[in-house]
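Here is a short briefing on one protein chain. Keep the sequence and the structure open while you read.

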Amino acid sequence: LVLLVPELTFLTGLSDLRKNSRMLKDVMWEMIQSPQQHYQRLTNLLRRVRDTPEASRELERWGLCLDTDIYRTQGHILPVERINLRHRSFLPVEDAGWHREVAKEAPIAAISFNSWLLVYPKRLQHLAKDLLGAMRSSSGAMGIQVGQPLVQELRDDRIESYVRSIQSSLGSQDKLQMLLCIIPSGRDDIYGAIKKLCCVQSPVPSQVINAQSLLGHPGKIRSVVQKVLLQINCKLGGQLWGVDIPLKQLMVVGMAIIPKSHLLPFAFSPSMIPKSHLPFPPPLSLNLTSFPPLQKQLVVAGMDIIPKSLLFCPLQKQLMVVGMDIIPKSHLPFPPPLSLNPTWQFSRCPTRKSPTASGSASPKPSSVSTRQDFFLLAHHSRQGCSVPTHYICMWNTANLSSEHLQRLTFKLCHLYWNWPGTVRVPAPCKYAHKLAFLVGQVLHHEPSAHLSEQLFFL
């Protein structure tokens with residue numbers, strides 16, 4: 001037993017790793033192993049332990065025995081999900097992505113922005129000109145209309161210059177739909193100041209672009225601008241794509257915990273509740289394409305009824321809840337529209353599983369193990385070994401089958417609008433994490449209620 005005195009210990013490791021690009025590249029090369037390399041290293045380690053007498057005797061003394069091979073489990077492939085845009089539906093390609101389609105097709109709901117403000121320092125005026133040109137050339141195919149912006153060219157790139165200019169423009173103009181700022185590279189302080197101003201003090205959807213991302217060949221800039229247009233459309237209340245979810249009367253809530261024990265829920269709203277009773281807008285269809293954050297009244301109402309075991313469970317970094325009976329009837333800001341009995345709840349945590357039986361390749365996206373508590377690999381990894389997510393079904397009073405739970409989870413992994421492809425966890429969890437990170441790391445304050453019906457945090 002080794003006891004360390006805290007006052008006599010110090011941190012070790014590669015503290016300046018990010019500053020040394022060559023060292024960072026070498027470390028990443030060792031970390032990003034192909035499935036074949038990963039399998040080979042693990043089996044070699046097992047063989048070394050087995051063939052070393054000292055190691056074998058030590059394991060025997062502990063009463064432990066290592067298997068000679070990696071644990072293998074049986075799984076199956078879920079059906080490919082159909083992606084729905086405004087005018088067409090399609091099945092994604094092998095890498096579970098649809099980048100080309102969203103860049104050339106109109107989204108489910110496109111919001112034109114004609115009243116918007118562009119702010120940039122004078123020394124970046126050439127990037128601002130390139131940005132406007134790329135936005136106009138790309139927006140037509142995407143079904144998004146972009147009007148001529150109001151332009152504020154700053155003399156310098158000081159924080160005070162950005163804040164003063166934005167405040168002056170917001171105060172002198174009629175309702176602006178969007179603020180777009182270009183900031184110098186590596187200026188997180190400017191980013192934080194703009195977000196605090198636009199999310200808390202003078203609420204308006206905002207998009208901040210790092211100047212570095214607008215440098216490079218035209219193809220790279222075009223790709224960046226297309227992503228910016230999609231993000232702006234979401235922040236203005238537009239909807240990009242959806243999948244077929246046949247379940248009706250469904251609410252999905254993702255939760256993320258940030259410092260100081262602030263719990264930020266994020267919800268898909270149920271379509272059967274009258275608009276007049278909703279603290280958030282209803283979805284437009286059964287595709288679950290409306291993603292408003294829950295307002296404060298639901299945050300307060302929900303805090304005391306969430307089991308404490310969920311908040312302190314070490315696996316519980318992100319939580320996804322499906323159903324409506326997590327909120328007591330007495331706390332509902334609207335009359336309950338249906339029996340609050342059907343519900344199921346499950347959590348997720350990333351877990352590294354072994355590669356396929358041959359050890360030669362990662363499992364295919366949509367691979368899932370055949371259990372009530374299951375592992376799902378929803379995303380496609382371009383490098384390294386794929387890491388599935390472990391879902392723990394905590395209760396299931398709706399009596400949904402394992403297959404239905406797995407398929408619903410996989411469908412929700414298609415709905416993260418910041419990435420035209422599948423992601424590792426369901427979209428509500430990603431949105432909750434994104435919102436919690438912005439509030440906990442940048443704003444340090446509750447966002448304005450005026451933005452509560454929009455994905456302002458993307």
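Serine 165 is buried, because its relative accessible area of 10% falls under the 20% cut-off. The coordinates come from a predicted model. Serine 165 sits in helix α6.

**Serine 165 and its contacts**
- Leaving aside residues up to four places away in sequence, serine 165 touches Gln152 and Leu154.

**Helices α6 and α7**
- Two packed helices are described by the angle between their axes and the distance between those axes.
- Helix α6 covers residues 159-172, and helix α7 covers residues 188-201.
- Their axes come within 9 Å and cross at roughly 25 degrees.
- That angle is under 35 degrees, so α6 counts as roughly parallel to α7.
- The α6 side of the contact consists of Ile159, Tyr162, Val163, Ile166 and Gln167.
- These meet Asp189, Ile190, Ala193, Ile194, Leu197 and Gln201 in α7.
- By class, the residues of this contact are 8 nonpolar, 2 polar and 1 charged.
- The crossing of α6 and α7 is right-handed.

**Helices α5 and α8**
- Helix α5 (residues 125-139) packs against helix α8 (residues 218-235) at an angle of about 70 degrees.
- The axes of α5 and α8 are 9 Å apart.
- An angle from 65 to 115 degrees counts as roughly perpendicular, so α5 is roughly perpendicular to α8.
- The crossing of α5 and α8 is right-handed.
- From α5, Leu131, Ala134, Met135, Ser138 and Ser139 take part in the contact.
- Their partners in α8 are Arg222, Val225, Gln226 and Leu229.
- The contact of α5 with α8 has 5 nonpolar, 3 polar and 1 charged residues.

**Helix α12**
- Helix α12 spans residues 427-443.
- At 1.5 Å a residue, its 17 residues should span 24 Å; the end C-alpha atoms are 22 Å apart, which agrees.
- Of the 17 residues of α12, 12 are buried, so the helix is largely enclosed by the rest of the structure.
- Buried residues in α12 include Ala427, Cys429, Tyr431, Leu435, Leu438, Val439, Val442 and Leu443.
- Pro428 and Gly440 are also among the buried residues of α12.
- Histidine 444 follows α12 and has a positive phi, near 55 degrees.

**The chain overall**
- The protein chain has 12 helices and 15 strands.
- Of its 458 residues, 47% are buried.
- Among contacts with a separation of 6 or more, 70% join residues 24 or more positions apart.

Methods: Residues are numbered from 1 along each chain as its sequence is written. This is a predicted model: local features need pLDDT of at least 70, side-chain atom pairs count only at pLDDT 80 or more; totals for chains, interfaces and linings use all residues. Side-chain values use heavy atoms; hydrogens and water are left out. Axes are lines fitted to C-alpha atoms, for helices over the stretch in contact, and angles run from 0 to 180 degrees between N-to-C directions. Helices (H or I, at least four residues) and strands (E, at least two) are DSSP runs, numbered from the N terminus. Angles under 35 degrees count as roughly parallel, over 145 as roughly antiparallel, 65 to 115 as roughly perpendicular and the rest as oblique. A crossing is left-handed if the near helix is turned anticlockwise from the far one by less than a right angle, and right-handed if clockwise. Contact means heavy atoms within 4.5 Å. Ala, Val, Leu, Ile, Met, Phe, Trp, Tyr, Cys and Pro count as nonpolar, Asp, Glu, Lys and Arg as charged, and the others, Gly among them, as polar. The expected span of a helix is 1.5 Å times one less than its number of residues. Buried means under 20% relative accessible area, exposed over 50%, partly exposed in between (1.4 Å probe, protein chains only).
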